[in-house]
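Reader: I would like a close look at a single part of this model, with its surroundings described in one connected answer.

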Amino acid sequence: MRRRPMLRIPSRSGTMRFVSEVSKDKITSDEDVLATLLKVFRSLFMYDFQSQRDLVPFLPEDVKLKYEELLAATESASSNHPSGSVLQPADTLCKDLGFSLLEGPSTLAAAGTGVFISEGVVPRGAVVSMYPGTIYQVYEPIFFQSIGNPFIFRCIDGILIDGNDKGISKCVYRSCSRRDQLGPFKLSDVTWLTPHHRNPLAVGQYVNNCSNDREANVCYQELEVPEDFPIELRQYIPNIKYSHDVTGPLRCVVLVALRDIQKEEELFSNYYTIVH
């Protein structure tokens with residue numbers, strides 16, 4: 001038996017999630033998760049294309065051509081919109097996935113901030129959000145970052161993700177992000193540390209634990225970002241490795257809908273998953 005807990009301890013033992021086999025821990029394939037992320041990130045790239053123009057000359061010719069074609073189609077479509085209308089990141093999420101997210105006071109007493117579906121409907125199996133933060137291997141130091149920190153996620157193999165957007169955790173993430181920039185290309189998203197997220201999915205750390213009368217409607221899925229993930233889209237990944245010399249793919253965690261989730265519903269997860 002293996003345990004995949006958050007380090008935030010659930011208040012009721014009945015809020016654990018049980019999975020009979022490791023192979024059944026994921027209800028959506030990695031391929032479908034990656035396809036969703038690529039779709040959203042490409043839309044965000046096009047939404048912000050004017051500020052991305054400096055990156056385009058460094059891309060392969062076939063990739064540049066693809067974005068030029070997309071830009072032409074986008075400009076043609078925008079000509080049909082009222083003058084002065086501005087597409088926001090949350091709008092791209094609604095356009096691509098059919099729903100939008102909103103942070104606000106949780107419906108659970110003393111639970112702090114929660115995450116809600118503000119527009120549309122989330123179908124079962126859809127990627128709802130991402131868990132942002134710095135990635136620590138099992139042997140890497142995280143003692144000082146963990147003191148009083150309720151946002152540390154433990155993956156099934158012991159890898160930790162520090163999703164705190166304040167204090168030393170915030171400083172560490174920003175430092176690692178500046179360290180890993182590759183020429184003009186940013187390899188991670190730092191805006192989840194601010195009130196203005198460029199990636200509207202990067203709010204998974206604020207999803208609250210379910211209770212005996214509030215069942216979980218999302219679950220966590222771990223994902224290895226492939227090495228060939230488009231370099232121009234890595235700027236929207238809200239995760240970064242603590243150590244620069246750690247080899248292998250980047251670990252990410254997404255939250256996936258366990259059932260259809262309606263507008264104005266709050267998202268709830270199981271902070272503990274028991275996998276036999």
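Which residues does V128 touch, not counting residues up to four places away in sequence?

Author: This is a predicted model, in which local features need pLDDT of at least 70 and side-chain atom pairs count only at pLDDT 80 or more, while totals for chains, interfaces and linings use all residues. Residues are numbered from 1 along each chain as its sequence is written, and side-chain values use heavy atoms, with hydrogens and water left out.

Leaving aside residues up to four places away in sequence, V128 touches F99, L101, I117, V122, L201, V218, L255, V256, A257 and L267. Contact here means heavy atoms within 4.5 Å.

V128 belongs to the largest nonpolar core, which has 58 residues; F41, L101, V128 and L267 touch the most other members. Such a core is a set of buried Ala, Val, Leu, Ile, Met, Phe, Trp, Tyr and Cys residues joined through side-chain atoms within 4.5 Å. Buried means under 20% relative accessible area, exposed over 50%, and partly exposed in between, with a 1.4 Å probe and protein chains only. Among the elements that each supply at least two residues of this core are α1 (30-47), α4 (89-97), β3 (99-105), β5 (127-130), β10 (218-225) and β12 (250-257). Helices (H or I, at least four residues) and strands (E, at least two) are DSSP runs, numbered from the N terminus. The most is given by α1, with 9 residues. A second, separate core of 11 residues includes Y136, V172, W192 and L193.

The strand β5 takes part in an open sheet of 3 strands, ordered β5-β12-β10, with antiparallel pairing. β5 and β10 are the edge strands, each pairing on one side only. From one strand to the next, the twist averages 35 degrees. Strands pair if DSSP finds at least two bridges between them; β5 and β12 are joined in the antiparallel sense over 3 bridges. S129 stands opposite L255 in β12.

Helix α1 lies across β5, β10 and β12 and runs at about 85 degrees to β10. Axes are lines fitted to C-alpha atoms, for helices over the stretch in contact, and angles run from 0 to 180 degrees between N-to-C directions.

Helix α4 also meets β5: its buried residues pack against α1, β3 and β5. In α4, P89, T92, L93, D96 and L97 are buried. They cover an arc of only 100 degrees around the axis, so they lie on the same side of α4; the arc is that of the directions from the helix axis to the C-beta atoms. After α4 comes G98, with a positive phi near 90 degrees.
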